[in-house]
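Here is a short report on pockets, a helix and a ligand. Look at the structure, then read on.

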Amino acid sequence: MLKHIPLSVPVFDGNENDFVFHAIESKQISTAGNYINDFEDQIKNRLGKYNVALKNSGTSAIHLALKMIGVGSGDEVLCQSFTFCASANPVIYLGAKPVFIDSEPTTWNICPEILEEAILDRIKKGKKPKAIIVVDLFGMPARYEEILGISQKYEIPVIEDAAEALGSSIEGKACGTFGDYGVFSFNGNKIITTGSGGALISANFEAIEKSKYLAVQAREVYKYYVHKEIGYNYRMNNMSAGIGLAQFLNLDKKIALRRQVFENYQNLLKDFDGFTTILEPDGYFSNRWLSTFLVNQSVTGFSNEDVRQTLLKENIETRYLWNPLHLQPVFKESTFYGGGCSEDLFQKGICLPSSENLSIEDQERIIGVIKRMYS
Ligand SMILES: *Cc1c(COP(=O)(O)O)cnc(C)c1O
């Protein structure tokens, strides 16, 4: 059996064991504890003047962001179509409707021109959208200069789904801080993990404090249980926060390793016609969470599916890029604005193995298999 190369695995080479052990020993295993506070402080220190609340998933952080903006039944929310379903599902939880927007080819994220067209058309049809969900897909920041201009012009708040973009930035400004609210995910497959977890970020300090209260069932501070609102069970627990803190302290190392993996692929693939990727626009910094490429079949003679199957036979795991949400059966009633960009990316795209501990020998083996496909 050929050695298995997985798509992406978490690496625990910091204080993870120690911190979990101490959380258990101190019996602080639930939604209060030192690691929750320390992890929040570490994120705050890195981001600057932003408040941070840890949640039990990125999805719950998006749900609470929508809630804080006041999205409710019957409202419309504009959402990037080229993303994971978790970007849009919380819109449905609140009884609102997602309206999907296509991507543009330089970042693969929401297209500012189509976004503005969609806003004008929704207003013309009698309903101004309540929020815009922008995603920094695979770690690449979206085109915020234009997007935030549009957000201000029409006074529609932005939720930045930076679930995949912890550590990415534009001219030094961190992803997660571009929108009115920002979201990180620490799911098992992300650049750092807490098993399952997420964070909500905002310059609006009160809103983040309110989200903390909503995340513990909206329990009032009182001698017995008093609830004035419906809350959620969305707070991160202290054991997860211990894992996350240990991972976060190694974030820059993890990003450097992921970027090295991407750079190695670029070098190994540079003479392969029809096998392309996107570069960072000027000033952009991507954490290169996953190394993603496009296979142009009219040049290569083979498709992304051919690459997937050929590598699978060699025990090497790859994955399609996100299947656009406007094409998902569950969202078939939803409105979509755009052309063919996200569909084209889905039809050509492939994620190659991207673990931070992937060896150069393994990368050479992967590229060797692809090279043989050309002949
Ligand atoms: C992972 C992810 C989420 C959801 O995060 P969870 O922590 O898994 O709930 C949301 N949006 C995007 C783009 C993601 O990749």
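## The second largest pocket

The second largest pocket has about 200 Å³ of volume. Its lining has 14 residues, and L7, N189, W289, L290 and R319 are the closest to its centre. By class, ten lining residues are nonpolar, two are polar and two are charged. Nonpolar here means Ala, Val, Leu, Ile, Met, Phe, Trp, Tyr, Cys and Pro; charged means Asp, Glu, Lys and Arg; the others, Gly among them, are polar.

A pocket is found on a 1 Å grid over the protein atoms alone: it is an open set of points where a 1.4 Å probe fits, with protein on both sides within 12 Å along at least five of seven lines, and lining residues have an atom within 4 Å of a point. Its volume is the space filled by probe spheres set on the points, which are joined across faces, edges and corners.

## About the model

This is a predicted model: local features need pLDDT of at least 70, side-chain atom pairs count only at pLDDT 80 or more, and totals for chains, interfaces and linings use all residues. Residues are numbered from 1 along each chain as its sequence is written, and side-chain values use heavy atoms, without hydrogens and water.

## The largest pocket

The largest pocket holds about 250 Å³ of space. Of its 22 lining residues, T59, F84, A86, S185 and K190 are the closest to the centre. Two elements, α3 and β8 (181-185), each give two or more residues to this lining. Helix α3 gives the largest share, three residues. The lining divides into nine nonpolar, ten polar and three charged residues.

## Helix α3

Helix α3 covers residues 58-69. Helices (H or I, at least four residues) and strands (E, at least two) are DSSP runs, numbered from the N terminus. From first C-alpha to last, α3 reaches 17 Å, close to the expected 16 Å. The expected span is 1.5 Å times one less than the number of residues.

At the N-terminal end, S57 caps α3: a side-chain oxygen lies 3.3 Å from the backbone nitrogen of T59. Just after α3, G70 has a positive phi of about 95 degrees.

## Around the ligand

The side chain of D161 has an N or O atom 2.7 Å from a ligand nitrogen. A polar side-chain atom of S185 lies 2.7 Å from a ligand oxygen. For N187, a side-chain N or O atom is 3.0 Å from an oxygen atom of the ligand.

Note on methods
Polar contact = N/O pair within 3.5 Å; in protein donor to acceptor, adjacent residues only side chain to side chain.
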